[in-house]
2 protein chains.
Amino acid sequence: MQVIKSIEKMAAFSKKAITQNKVLGFVPTMGYLHEGHLSLVKKAKKECDLVIISIFVNPAQFGPKEDLAAYPRDFRRDLKLLGPLKPDVVFKPDPSAVYPGDYHTYVQIEGGLTKKLCGSFRPAHFKGVTTIVAKLFNIVRPDKAYFGQKDAQQCVVIKKMVKDLNFPVEVIALPTVREKDGLALSSRNTYLTPEERKKAPVLYKTLRLAEKMILTGERNCAKVEQAMKKNLALVKGLEIQYAVVVDAGSLERKKIVSGNVLLALAVKLGATRLIDNIIMEL
Amino acid sequence: MQVIKSIEKMAAFSKKAITQNKVLGFVPTMGYLHEGHLSLVKKAKKECDLVIISIFVNPAQFGPKEDLAAYPRDFRRDLKLLGPLKPDVVFKPDPSAVYPGDYHTYVQIEGGLTKKLCGSFRPAHFKGVTTIVAKLFNIVRPDKAYFGQKDAQQCVVIKKMVKDLNFPVEVIALPTVREKDGLALSSRNTYLTPEERKKAPVLYKTLRLAEKMILTGERNCAKVEQAMKKNLALVKGLEIQYAVVVDAGSLERKKIVSGNVLLALAVKLGATRLIDNIIMEL
C-alpha cells in the first residue's frame, strides 16, 4: 500500500497500469473511514487488479454554512483501517493542488436531478460532487468506481454524469452498512451527542416501517410519506428535511408505489444532518 | 481509414489501443474540412501512433439564432480530403447519440475567460465547446489533441478545461492556415458572396497593420485598437464585433503592449461572422 499525494504521480501510476492492461478499481472517499467505505474497498479488491482509494474532503461540495472545517479527518486512523485490506494506492491530494487559486471549471447536471431531495437543501452540493468525481476519474482513470448506496442521490447523479459525459467508467453502488441498531454508518455520526445517538436509529426504523407498509399492500405514496413523517415527528429535537417515496432512477415523486422505488429520508438531529434510504424493487 | 459511427465502437477501439500502449492523436472538427484541419491531421500523423478525426457539428455550441442548420456539411468530400492523409479512424457520431433526449450534463468554465471576446457575442458557445470536447475526450481518450489557432479563444478555453479537470490530454494549437490573400481558412468562408469574399482579407491586413505598429514601437493598446477599428471601418457592410489587444494567456484587456499578446478581431461581413488573430511574443 503506497500513499501518493501528488496528482502528477497518481496520473503516472494509472497511465502505466492502463498500458499494462490492468483493471483499475477506484473508491473515492472523504476519509474518516468506516466499515461502509471498507466494504467498497473489499469489493474492489475482488473485482479489480489494482485498487486505488482517494481521501479528499472536497471543499466544492460544502455550502458556505456547512461543516467543511468541522468534517472529521484522521489520516493515520484511515491508513490503519486500510492496511489489512491491502489496497494498492491511497491517493491523498492537497486541496490547493486540486483547486488552485485560478480554478474555474465545473461539471454540472442541469435540471431536476440535482435540485431535488438533498439538492433542495444543499443547492451547490452536487455540482461540487460531479466536479470532483470528474477530476478524480481523469486523474485515476478507473475501470470501475465504487460508491455507497447510503448516498442514494449521489449514486444516481454520478451514474448520470458518467452516462452523459461518456466517462469510460463503470459505477457500482454497494449496500449501506449499518450499526447493529440500524443506524447507517456515516463519518458524520461522530458529531452526534450520546443522546442524539440514541435517537438516530429512528431513520432506519422509519424506512423499515414504510417498507413494511408497501410489502403489505399499501400503494399510495402520500400515505407512506405521511406515516414516515409521523414516525419521525415522535422524536424530540428532530427536524425533518424530507421523507419521500420517489422513482429510484429519476428521483421523481410518485403517486402510486410501483417499479423501483427509493424510500429516502433526511433529518437534522440537533446540528447534525443525517440521511438514509431503502431501495425496493416491486 | 475506417469510419466509426457508434460511440461504443469508438470507445472500444480506443480502449484496445490504450492497452497496446499506442499514442493516440485526436483532431476534433465540425467537418467541411479545409487545409487548416488537414494540417492538424498531418501533424498528428507525425506525432502519434494512431490518429482519430471526429466530424460532428455540435448543436450545443450554436446559439438559438445562429447557423446550426446552415452550417456546411459534406461527409463524402471530407472523406476524399482525408483519404490521402491516412488517419486511422474518422469518428462521425449521430447527434441523437451524443445528446440523447434526457441529456443534462454540462462542463463550464465560470468567470471571465468564456465571457470575453467571442463569448460576449455568443453567450453559451464555450459551454457547448467544453462539453463536447470533454465528451469526445472521454470517448476517444487521446494522448494529444490538435486545434487550430484561428479559434484562439477556443484554444485558451480548452487548455483551461484540461488543466482544471485534469484531463490526461496534451492540447496542441497549430498555426492558422490562410488563403494566398491572407484570409484565414474557415468552413464558414463558404457563406461569403463573391463581393464579401473580396472584402474579407481586410481582417488579416488589419492584424498585420497592428503587428507592424507594435513592431515599430507602439506600446499603447488603445492606439493599436483604434487603428484596427479605423482600418476595418473603411470596408462597407462590415460590422466590427471586437478588435482588441489582450493577454494571450488570460485574454484580459491590456493598457500597455507587453509579454505574449493576442491581437484578435471578430466582424460580421453581411450575414457571415468572421474571426482572426495573431499572437505576438514580445
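I listed the contact between two helices of chain B: B:Val202, B:Leu203, B:Lys205, B:Thr206, B:Leu207, B:Leu209, B:Ala210, B:Met213 and B:Ile214 of H9(B) touch B:Lys223, B:Val224, B:Ala227, B:Met228, B:Asn231 and B:Leu232 of H10(B). By class, I recorded 11 nonpolar, two polar and two charged residues in the contact of H9(B) with H10(B). I note that the model is predicted.

I then looked up the geometry. H9 of chain B covers residues 202–215 and H10 of chain B covers residues 221–233; their axes lie 9 Å apart, at an angle of about 150°. The cut-off for roughly antiparallel is over 145 degrees, and H9(B) and H10(B) are therefore roughly antiparallel to each other.

I turned to the corresponding helices of chain A. The axes of H9 (residues 202–215) and H10 (residues 221–233) of chain A come within 9 Å and cross at roughly 150°. That makes H9(A) roughly antiparallel to H10(A). The crossing of H9(A) and H10(A) is right-handed. On the H9(A) side I noted residues including A:Leu203, A:Leu207 and A:Met213, and on the H10(A) side residues including A:Val224 and A:Met228. The contact of H9(A) with H10(A) has 11 nonpolar, two polar and two charged residues.

Last, I examined the interface between the chains. Chain A contributes 32 residues to the contact and chain B contributes 32 residues. The area buried between chain A and chain B is about 2,800 Å², with 44% given by carbon and sulfur atoms. I found eight salt bridges across the interface of chain A and chain B. I also recorded a salt bridge between the side chains of A:Lys163 and B:Asp102, at 3.8 Å from N to O.

Technical notes
Residues are numbered from 1 along each chain as its sequence is written. Chains are lettered from A and ligands numbered from 1 in the order in which they are written. This is a predicted model: local features need pLDDT of at least 70, side-chain atom pairs count only at pLDDT 80 or more; totals for chains, interfaces and linings use all residues. Side-chain values use heavy atoms; hydrogens and water are left out. Axes are lines fitted to C-alpha atoms, for helices over the stretch in contact, and angles run from 0 to 180 degrees between N-to-C directions. Helices (H or I, at least four residues) and strands (E, at least two) are DSSP runs, numbered from the N terminus. Angles under 35 degrees count as roughly parallel, over 145 as roughly antiparallel, 65 to 115 as roughly perpendicular and the rest as oblique. Contact means heavy atoms within 4.5 Å. Ala, Val, Leu, Ile, Met, Phe, Trp, Tyr, Cys and Pro count as nonpolar, Asp, Glu, Lys and Arg as charged, and the others, Gly among them, as polar. Buried area is the accessible area (1.4 Å probe) that two parts lose on being put together, summed over both. A salt bridge is a side-chain nitrogen of Lys or Arg within 4 Å of a carboxyl oxygen of Asp or Glu. A crossing is left-handed if the near helix is turned anticlockwise from the far one by less than a right angle, and right-handed if clockwise.
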